[in-house]
Protein chains: 2
Amino acid sequence: MPKDIPNGSVTTPAGFLAGVAVAGVKHADSTRPDVGLLFSDRPCTAAGMFTRSTVEGAPVTVSREHLANGRAQAIVANSGIANVAMGQTGLRDAREMAAEAAAKLGIRQDDVIVASTGVIGWAMPMDRIRKGIRQVEVRSDGGIDLARAIMTTDTRPKHVAVEFESNGRTYCAGGIAKGSGMIHPDMGTMFAFLTTDAPVEGACLRMLMRSVVDETFNMVSIDGDTSTSDTVVLLANGAAGGEPIRSNTPAADSFREAIYSVSRRLAREIAADGEGASKLIEVRISGARTLEEARKAARTITVSPLMKSAVYGSDFNWGRIMMAIGRSGAAIAMERAEVSIGDVVAYTRGAAASVDPAAARSALQGPEVTISANLGTGDASAVAWGCDLTEEYVKINAEYTT
Amino acid sequence: MPKDIPNGSVTTPAGFLAGVAVAGVKHADSTRPDVGLLFSDRPCTAAGMFTRSTVEGAPVTVSREHLANGRAQAIVANSGIANVAMGQTGLRDAREMAAEAAAKLGIRQDDVIVASTGVIGWAMPMDRIRKGIRQVEVRSDGGIDLARAIMTTDTRPKHVAVEFESNGRTYCAGGIAKGSGMIHPDMGTMFAFLTTDAPVEGACLRMLMRSVVDETFNMVSIDGDTSTSDTVVLLANGAAGGEPIRSNTPAADSFREAIYSVSRRLAREIAADGEGASKLIEVRISGARTLEEARKAARTITVSPLMKSAVYGSDFNWGRIMMAIGRSGAAIAMERAEVSIGDVVAYTRGAAASVDPAAARSALQGPEVTISANLGTGDASAVAWGCDLTEEYVKINAEYTT
């Protein structure tokens, strides 16, 4: 089992350094660090997953290109402006950020990943960004600073690291993430940067990453809106030595467990810190016909505004769970299905259960609400995370003014 | 062109009668009419479209059965309880409602459509419902009363009728609808009952109905949550005489235009009266690669909570339109695309347009906001309707208590 490392982050694994600077990306007079670098002291095998939006940010386009060879050594990131819908100017600016970071760190331009989050449709102030990047000093304890620099309306930095055993050695895996919302919110942008000092073969890294992302970050929804800039990058630098970890080996299983543990925790933190959120919602679907149906049902419950509002109001409104399952298109056998909120069974064996109102209410109070449903049509299962819908969400997103 | 008939409804076409009664479906002591009948003095060719949810209400199941022969003569409807997730009891109750209405009206049980809207998972109080149905007296001016009896958290009844010419004769088509929300809100239930005194062949009726529903009711979204009880029924009784209207004739075109006009108006009214809504949003997509992509893009914009919040706050946040188009999966050519809010162009020819702040703000004020986007990838187009997201929506749906 991976072991938690207190105050861990992307720089906890050996050989990773990070640093930040104040560039004033959105407002020239801002004093908040808003650009940063993550750097490995040697090239890494690398994998990335990006937004599936048909409107993708220029940094996403450039990062896809740079990751095509499965290698990377640094990430340059900024908050404030997302560099989306800017045409050729946007692409040029994203490439220049990579070039500037490469020059600063003495590495190849195509070994730099670019990640920008913020307003859509604004030009990057390249003079200030260039100056900012030049000022960054990377340090072995800089990971949490970087987690702060990529925040927008996030209320807290999200960072984690774990220790794990693989091939008889002790390795470390770490991550930072930013979730939904900005001071100037245009999208629910999600970044997660993951690192490990274990040596991992490229094919193994890509495969494990995809399967872990599908179970963690891809199961988070704050508001159902998909960002143009979603980016998850995993860097393995091998600084802790040992034999390369290959697919379908016990070593790969241990590594997967570590990356899963880091990703799951960051995913839950993103959900809990959604815009305006007062409660984390965990949805557990079991007894589904297929994995795809289990995931669809779980995600549909987490995005339903009616369900999210009910959780906010601590309203034991299990009919909305049924509605969301039905809407998802997942097959459900009503005569075998079971639905619970917390430990309180709401529906079982074809009928509404008799529910104690006090128990029902308490199942919905507290900072984390669990919704479980067995669809009675198979044995596939999935877990998804979301948050409640509050008046605060509407306020944050209505009161933006240019 | 179909001509509007002031204060029209489902009983404006000849031969249609309606009436309501107080049954106390949800609360025995309620004084609000909550059951009703729509009746044609002769059998109708009939078509229906129902929720695609995998959790469908018992009334939907029974109505599908009764419409299988393409014939109907009455609708029995209630608000308060939806009769969903009630197993065999629910089916028995829905059938009994049809039987009771048939006995009252002296027609066949399988010529009665059943429509129930309200709480999921509660049993129907059949004693009170039976008594209510027996008390209903149908009248030729009862349509608007019926529109009221099916309301839940709707703030106003939705009814319309138009006159149209077909085969050299004058006919009438009418409709009533209920939209999203309930006093005890469990779902965004939508009912629309449409009538005409024109004689229409079954095949023609079914085909026209499907195509009109796809362009109108299926393009409305209040909150992205699909109800377990959505029901649209179209009844043609031929009471105004003349030759049957057949597919692919000029007469069918005129009839389609009338039904489209009735449906579009009801659809817009449903959107404008969404839970907590302060503004109607009309989204017009053009230049899409396919009709399906045009519809997906339009609907994704209408359901985006970020876009809906921005409209509420009169925030000229066109980046969120791009985000929603990207999320929808519709192909967009960024260098040719154009996006406007009202008459104000936000993005054109690969770049953000320069926008006058006062014009931008005024494009978002007023009771109706129009969002237009040309995707630059083809010539398909679609229109969708929705409403803004307000704190009131969250309040309505959080503050329900059992």
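Predicted model: local features only at pLDDT ≥ 70, side-chain atom pairs only at ≥ 80, totals over all residues.
The open sheet in chain B has 6 strands, in the order S13-S12-S11-S14-S10-S15, and the pairing is mixed. Which strands stand at the edges? They are S13, residues 351-352, and S15, residues 380-387, both of chain B. Each has a single partner strand, so one side of each is left without a neighbour in the sheet.

Now the pairings. In general, strands of a sheet pair through backbone hydrogen bonds, either parallel or antiparallel. Take the parallel case here: S10 of chain B, residues 280-288, pairs with S14 of chain B, residues 368-374, over 7 bridges. Within that part of the sheet, Ser286(B) has Asn374(B) in S14(B) as its bridge partner.

For the antiparallel case, look at S11(B). Its pairing with S12(B) is antiparallel and runs over 4 bridges. S11(B) and S12(B) make a hairpin with 2 residues between them, and Gly342(B) in the turn has a positive phi of about 60°. S11(B) also runs antiparallel to S14(B), and 4 bridges join these two. If you want one residue to look at, take Ser340(B). Its bridge partner in S12(B) is Val345(B), and its bridge partner in S14(B) is Ser372(B).

Helix H9 of chain B, residues 319-328, lies across S11, residues 338-341, S12, residues 344-348, and S14. The helix runs at about 125° to S11(B).

On to charges. Side chains of opposite charge can pair when their charged atoms come close. How many salt bridges does the structure hold over all chains? The count is 53.

One joins Asp41(B) and Arg42(B), at 2.8 Å from N to O. Asp41(B) is partly exposed, at 41% relative accessible area, and Arg42(B) is partly exposed too, at 32%.

Another links Glu56(B) to Arg64(B), with the closest N and O atoms 2.7 Å apart. Glu56(B) is partly exposed at 26%, and Arg64(B) is partly exposed at 35%.

Is Arg336(B) buried or exposed? With a relative accessibility of 52%, Arg336(B) counts as exposed.

In chain A, salt bridges with shared partners form one network of Asp154(A), Arg156(A), Lys158(A), Lys178(A) and Asp273(A).

Terms used. Residues numbered from 1 in each chain as written. Chains lettered and ligands numbered in written order. Heavy atoms only, no water. Salt bridge = Lys/Arg side-chain N within 4 Å of Asp/Glu carboxyl O. Buried < 20%, exposed > 50% of the residue type's maximum accessible area, 1.4 Å probe, protein only. Pairing = 2+ DSSP bridges. Contact = heavy atoms within 4.5 Å. Axes fitted to C-alpha atoms, helices over the stretch in contact; angles between N-to-C directions.
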